[in-house]
Amino acid sequence: KGAKMFIEVNNIKKSYGEQVVLDIKYLQISDGDRIGLIGRNGVGKSTLLGILKGSIECEDAKIIREGDISIISQEGNVEGDADDDTDCDYIEKMQINDCPLKSGGEKARMAIARAFSQGAAILLADEPTNNLDMHGLSIFEKMVDKYKGAVVICSQDRLLLDNVCNKIWELDKGKLIVFEGNYTDWYRLRNLKESNFIIDSELIAEINTNKIKEEVAIKITDLNIKYDDLEVLNHINLEVLSGKRTFIVGDNGCGKSSLIRQIKKGVSEVYISEEAKIGYFSQHHLQLNNELSVIENVLANTNFSEKLCKILLEDLFFDEDTMNKLVANLSFGERTKTSIAKLIIGDYNLLIIDEPTWHMDTYTLERFEMFLTSYEGTLLIATHDRKLAKDLGQIIYKIENNQVLKINKNNLE
């Protein structure tokens with residue numbers, strides 16, 4: 001006897017104007033399913049979750065729901081619940097403090113605790129881990145593993161999709177393709193069928209020039225960072241070796257971005273090689289000009305031809321129309337990709353990157369990782385993305401208790 005079926009849907013068709021977003025003949029969700037929902041930004045993943053829940057109308061669809069549904073939205077909201085109804089056990093598990101002014105990470109933890117408190121047969125989670133640090137992700141994974149019912153998670157966290165999922169739903173051009181297994185299983189099958197994640201070799205060859213010959217690109221000696229009476233980092237010593245990929249990891253608020261800002265300022269405790277030509281990536285996209293188009297932003301700081309810049313943008317899934325859009329009119333994910341392209345194609349040999357993977361879909365993540373793997377310059381990356389750090393990190397520092405410690409990649413949570 002098979003697992004109890006909680007949701008069965010026939011004939012999902014959803015359009016916005018002339019654009020067909022969803023055209024799915026059949027899907028089902030059964031007890032014990034741990035489904036990872038993936039697809040490029042804007043493909044309709046949130047719309048599909050809304051239809052399954054019933055919060056978005058789909059007149060022609062025939063939907064049978066056997067059991068209650070809880071949904072965590074991208075904004076960190078949980079429908080039909082209040083903080084007062086949240087189970088104290090889940091508040092304790094998610095390590096939520098009593099402070100009324102909560103950070104993005106704390107709000108995400110509260111939304112997860114509230115959703116799990118409902119004990120619904122089906123949990124639909126739309127990017128639930130966007131603001132979680134590595135420790136929060138580890139807790140969330142354990143909670144999903146023990147969940148009694150079915151879980152559908154829309155997420156760009158590839159390690160999460162590996163650790164908890166037994167099915168992958170890929171949404172592509174309105175169609176839903178079901179794969180048995182986790183994210184890595186999906187990736188292997190997808191790569192066997194098509195060269196979806198191959199990047200242009202001519203582009204990589206052109207980018208890899210002007211390396212730093214000095215052994216140490218950045219050296220930090222006895223650096224202290226504090227804001228008023230709040231001590232953030234204490235007596236920090238750290239080296240970024242030329243030609244290596246150095247990662248900085250740690251929980252939310254530990255000081256990763258503060259450390260990057262001090263390097264960028266060039267304070268007296270920070271030595272930077274005179275050979276270094278530094279390119280910065282800010283998670284707030286401060287390096288973009290809103291009044292210019294995508295392609296104009298990318299061309300603004302490069303010696304490469306427009307043809308090569310367009311090849312790069314195509315490798316990051318930009319079409320011609322989007323390349324000519326003003327940055328002011330882009331989605332957050334598109335702005336991230338524009339910033340990444342501007343950085344990769346720029347005249348730099350040292351890239352300092354602060355949280356690059358926020359709002360980046362798994363397709364773009366795979367391409368981004370390939371660029372970084374092929375890049376022969378020097379990299380310093382602050383990130384919460386465990387898979388990125390594990391796959392690429394040659395030297396990994398972790399910030400904990402106001403200190404910076406060198407760790408083995410196998411010790412990442």
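Let's start with the residues around the second largest pocket: six are nonpolar, 15 polar and twelve charged. Keep in mind as you click around that this is a predicted model.

**Stop 1: the second largest pocket.** To find the spot, select Asp251, Asn252, Gly253, Cys254 and Gly255; of the 33 residues in the lining, these lie nearest the pocket's centre. The space here comes to about 740 Å³. Now colour helix 3 (104-117), strand 11, helix 8 and strand 17 (395-400), the elements that each give two or more residues to this lining.

**Stop 2: the sheet.** Two of those names, strand 11 and helix 8, lead us onward.

Zoom in on strand 10 (residues 216-227), which pairs with strand 13 over three antiparallel bridges. Which residue of strand 13 stands opposite isoleucine 218? Show side chains and you'll find isoleucine 272 there.

Next, bring up helix 8 (residues 256-265).

**Stop 3: the largest pocket.** Hop over to Arg40, Asn41, Gly42, Val43 and Asp361, which lie nearest the centre of the largest pocket among its 40 lining residues. There's about 1100 Å³ of space in here. Several elements give two or more residues to the lining, including strand 2 (19-30), strand 3 (34-38), helix 1 (45-53) and helix 13 (362-374). Which helix gives the most? That's helix 12, with four residues. By type, the lining has twelve nonpolar residues, 17 polar and eleven charged.

**Stop 4: inside helix 12.** Stay with helix 12 (332-345) and pick out threonine 338, which is part of this helix. Is threonine 338 buried or exposed? It counts as buried, because its relative accessibility is 0%. To see its surroundings, select Leu288, Val294, Asn297, Val298, Phe318, Val327 and Leu330: threonine 338 touches each of these, leaving aside residues up to four places away in sequence.

Conventions: Residues are numbered from 1 along each chain as its sequence is written. This is a predicted model: local features need pLDDT of at least 70, side-chain atom pairs count only at pLDDT 80 or more; totals for chains, interfaces and linings use all residues. Side-chain values use heavy atoms; hydrogens and water are left out. Two strands pair if DSSP finds at least two bridges between them. On a 1 Å grid over the protein atoms alone, a cavity is a set of points where a 1.4 Å probe fits but cannot get out, and a pocket is an open set with protein on both sides within 12 Å along at least five of seven lines; lining residues have an atom within 4 Å of a point. Grid points are joined across faces, edges and corners, and a volume is the space filled by probe spheres set on the points. Ala, Val, Leu, Ile, Met, Phe, Trp, Tyr, Cys and Pro count as nonpolar, Asp, Glu, Lys and Arg as charged, and the others, Gly among them, as polar. Buried means under 20% relative accessible area, exposed over 50%, partly exposed in between (1.4 Å probe, protein chains only). Contact means heavy atoms within 4.5 Å.
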